[in-house]
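Subject: A structure for you to look at

Hi,

Here is the structure I said I would pass on. Have a look at it first, and then read my notes below.

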Amino acid sequence: MLNSRPLILALALALPGTSALAADPRTEDEIRHLLAFIETSGCTFIRNGNEYPSDEARDHIAMKYGYVRKKAESSEDVIRYVATKSSMTGRIYTVRCDGGEIPSAQWLTQELKTYRTSGLASGVGPNQTPH
């Protein structure tokens, strides 16, 4: 039987009125980018001592985001509340890419900064500061 969870998550993120994302369009755009970045990274995520491929990590982060989205006012809040550590054990999440391992919060914060300065973020050019 096929795993329908990725399809359900994709539909929830794509359908108007059913979005699992924050109300601010800029934050929505950034969260979509971060989720896609996680999924396509090919990195290994270490959560509570177990290793997970990037697509499973993306699903886990998206699921956790659904629980805290109302109190997350910014992309930084999402990283802090969802992608930093286990809410059950308190253990820090890490990411292993290209042989190196770093805390996932550091990895995602750097990608968020890169995204904001790349000109790809909603209405933000490469030499503009996000609002």
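One term before the rest: helices here are DSSP runs of H or I with at least four residues, numbered from the N terminus. In that numbering, D77 sits in helix α4. Please keep in mind that this is a predicted model.

How far can you trust it? The mean pLDDT of the protein is 80, with 74% of its residues at 70 or more.

Now back to D77: is it buried or exposed? Its relative accessibility is 12%, and because buried means under 20%, D77 counts as buried. The D77 side chain makes a polar contact with the side chain of R80, at 2.5 Å. Leaving aside neighbours within four places in sequence, D77 touches K71 and A72.

Next, helix α2. This helix covers residues 25-40, and its 16 residues reach 22 Å from first C-alpha to last, close to the 22 Å expected. After the helix comes G42, which has a positive phi near 75 degrees.

Then the strands. β1 (residues 44-47) runs antiparallel to β3 (residues 94-97), joined by three bridges, and T44 stands opposite R96 there. β1 also pairs with β2 (residues 50-52) in the antiparallel sense, again over three bridges; here I46 has E51 as its bridge partner. The β1-β2 hairpin has two residues between its strands, and N48 takes a positive phi near 55 degrees.

Finally, the core. Which residues of the largest nonpolar core touch the most other members? There are 24 residues in this core, and the answer is I38, F45, I61, W107 and L108. The elements giving two or more residues to it are α2, α3 (54-68), α4 (75-82), β3 and α5 (104-118).

Best wishes

Note on methods:
Residues are numbered from 1 along each chain as its sequence is written. Side-chain values use heavy atoms; hydrogens and water are left out. pLDDT is the predictor's confidence in each residue, from 0 to 100. Two strands pair if DSSP finds at least two bridges between them. The expected span of a helix is 1.5 Å times one less than its number of residues. A nonpolar core is a set of buried Ala, Val, Leu, Ile, Met, Phe, Trp, Tyr and Cys residues joined through side-chain atoms within 4.5 Å. Buried means under 20% relative accessible area, exposed over 50%, partly exposed in between (1.4 Å probe, protein chains only). A polar contact is a pair of N or O atoms within 3.5 Å; within protein, one must be able to donate a hydrogen and the other to accept it, and residues adjacent in sequence count only if both atoms are side-chain atoms. Contact means heavy atoms within 4.5 Å.
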